[in-house]
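Please look through the sequence and the model below before reading on.

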Amino acid sequence: MRLDKWFISNLDDSQRQIIVRDPNESLIVQGAAGSGKTNLAIHRAMQASAFGSYAIIIYTIALKRMVAYGMEALGLDKERIAYDWQWANRGFDFIGDVYCKKQENSDSIDPEFLYLVKDTIVKKYKGEPFSESEKSNLASIDFADWVDDKFYYKFYRRARWFREVELNENFDVNSENFIFIPSGTMFKKAEDKIDYIIIDEAQDFDVNEYTTQFIPKSNKSITLFGDSAQKIYKNRGATMDTITEELRYKRFFLRFNYRLPKSIAKLAQDVLDPSVDLLTDNRKDQGNSDYPYYPKPIITKFKSREDELKSILNRIRTEDLDDVAILVPLEDDVKMVNEFLSINQVQTQVHYRTSKVVPFHTINTLDFSNNDLPCILTYHAAKGTEFDNVFVPFANEGTLPDRNAFYVACTRSSRGLFISYTVKKTSYLSNVKSDYVIENEH
């Protein structure tokens, strides 16, 4: 993902109307895929930062790295981001590696101290006791995986609190005295109140979450950014109409689409039922983004899933493609694609759990700034992302998540879209006109 291209610094009039509003005014902002909602969420945070504390809440952990990039570009604190589960269960995460120390003359872990390494800065945290006045500045530890019991039993999980203390010793990550906690995450104690709360992917939160988790924690205002067409969870979330009706905040609409070339927008808009208009206000390359300036989406039938993957690998190599995403329905598909590319000596970026039951590990090698490595994500994890070239394999009838999730996958591309299937093509493509795509069979 080309982060420098994804992040918008020059806003159009449609976008500018949002950030000129009083930051104390609660707003709802609605816009289609590629209209700049996530960018505007970051700009709104910058506006709010001059008047008080702020937080950006996102739905998925994969989007966090991209939002952090935009926040850093505007000089904001990139640790003021929380994804849904994190917001509900702990405070803001510190960015950095976590270490503990061996007890003197022993291989046992010293449970009193944790060390947070942030680039070249090392911070030391000491365990209890602490004073009542220190509670708002405390930190704790969580684990992304089901970790070795030796860490869990020494530090617990989101239950024991530490305070920052001066480091009076030499810290060397290669020293035998220090132990890296591979899945350790330190986080700050949750704040009781935050002045300005900004929420991206608003349609994926239930209305009652706004009334019980967000509004009570906001001192001054809430700004919501969302798109009903990208609501991809059947058992949760709400349309932007429902959210507006319930909260009664003023709603603004983003007019223009900057990501999707018209050649892909023609397909994507008819994936939805009823379809949406992604062409009228399309500003990709000043509107000059239809075929033949941009390629038509290619839909291909293969004899097997392995043939689909061989074709993807061959196209990446023969066309020397970079900034590639391979978007699949399920986490098991992520693992399968990753294993295939690994066998073929292709490094990747992935995010998945090794199992659906405990004990499991979380594999997370996402680095959206590295355009040379293909990124493999589920449709759900891909929300908010953008890539030059997007492959959507396994698009078979009866095996995909709902229509909106497939729409999200098809709208991630800013140049090339390649859809493939075996046996029978998904009916989500049945309304797409044959002139808009290139179809073939291998």
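Which residues of helix 4 (residues 64-73) are buried? They are Lys 64, Met 66, Val 67, Ala 68, Gly 70 and Met 71, where buried means under 20% relative accessible area, exposed over 50% and partly exposed in between, with a 1.4 Å probe and protein chains only. This is a predicted model, in which local features need pLDDT of at least 70 and side-chain atom pairs count only at pLDDT 80 or more, while totals for chains, interfaces and linings use all residues. Residues are numbered from 1 along each chain as its sequence is written, and side-chain values use heavy atoms, with hydrogens and water left out. Helices (H or I, at least four residues) and strands (E, at least two) are DSSP runs, numbered from the N terminus.

**Packed helices**

- Helix 9 (residues 262-271) and helix 12 (residues 403-410) pack at an angle of about 170 degrees with their axes 9 Å apart, the axes being lines fitted to C-alpha atoms over the stretch in contact and the angles running from 0 to 180 degrees between N-to-C directions.
- Helix 9 is therefore roughly antiparallel to helix 12, since angles under 35 degrees count as roughly parallel, over 145 as roughly antiparallel, 65 to 115 as roughly perpendicular and the rest as oblique.
- Ile 264, Leu 267, Ala 268 and Val 271 of helix 9 meet Arg 403, Phe 406, Tyr 407 and Cys 410 of helix 12, contact meaning heavy atoms within 4.5 Å.
- Those contact residues divide into 7 nonpolar, no polar and 1 charged, where Ala, Val, Leu, Ile, Met, Phe, Trp, Tyr, Cys and Pro count as nonpolar, Asp, Glu, Lys and Arg as charged, and the others, Gly among them, as polar.
- The axes of helix 7 (residues 207-214) and helix 8 come within 9 Å and cross at roughly 45 degrees, which makes helix 7 oblique to helix 8.
- In helix 8 (residues 240-247) we find Leu 247, which is buried with a relative accessible area of 13% and touches Tyr 210, Thr 211, Ile 215 and Leu 224, not counting residues up to four places away in sequence.

**Nonpolar cores**

- In the largest nonpolar core, which has 88 residues, Leu 267, Phe 406 and Ile 419 touch the most other members; a nonpolar core is a set of buried Ala, Val, Leu, Ile, Met, Phe, Trp, Tyr and Cys residues joined through side-chain atoms within 4.5 Å.
- Helix 12 gives the most to this core, with 6 residues.
- Another core, of 20 residues, lies apart from the largest one and has Ile 312, Leu 341, Tyr 352 and Phe 391 among its members.

**Backbone details**

- Most residues other than glycine have a negative phi, and most peptide bonds are trans.
- The peptide bond from Asp 273 to Pro 274 is cis, with omega near 5 degrees, and Pro 274 is found in the loop between helix 9 and strand 14 (298-302).
- Tyr 291 and Pro 292 are also joined by a cis peptide bond, with omega about 15 degrees, and Pro 292 is placed in the loop between helix 9 and strand 14.
- Arg 158, although not a glycine, has a positive phi of about 55 degrees, and at 31% relative accessibility Arg 158 counts as partly exposed.
- Val 423 has a positive phi near 65 degrees and is exposed, with a relative accessible area of 69%.
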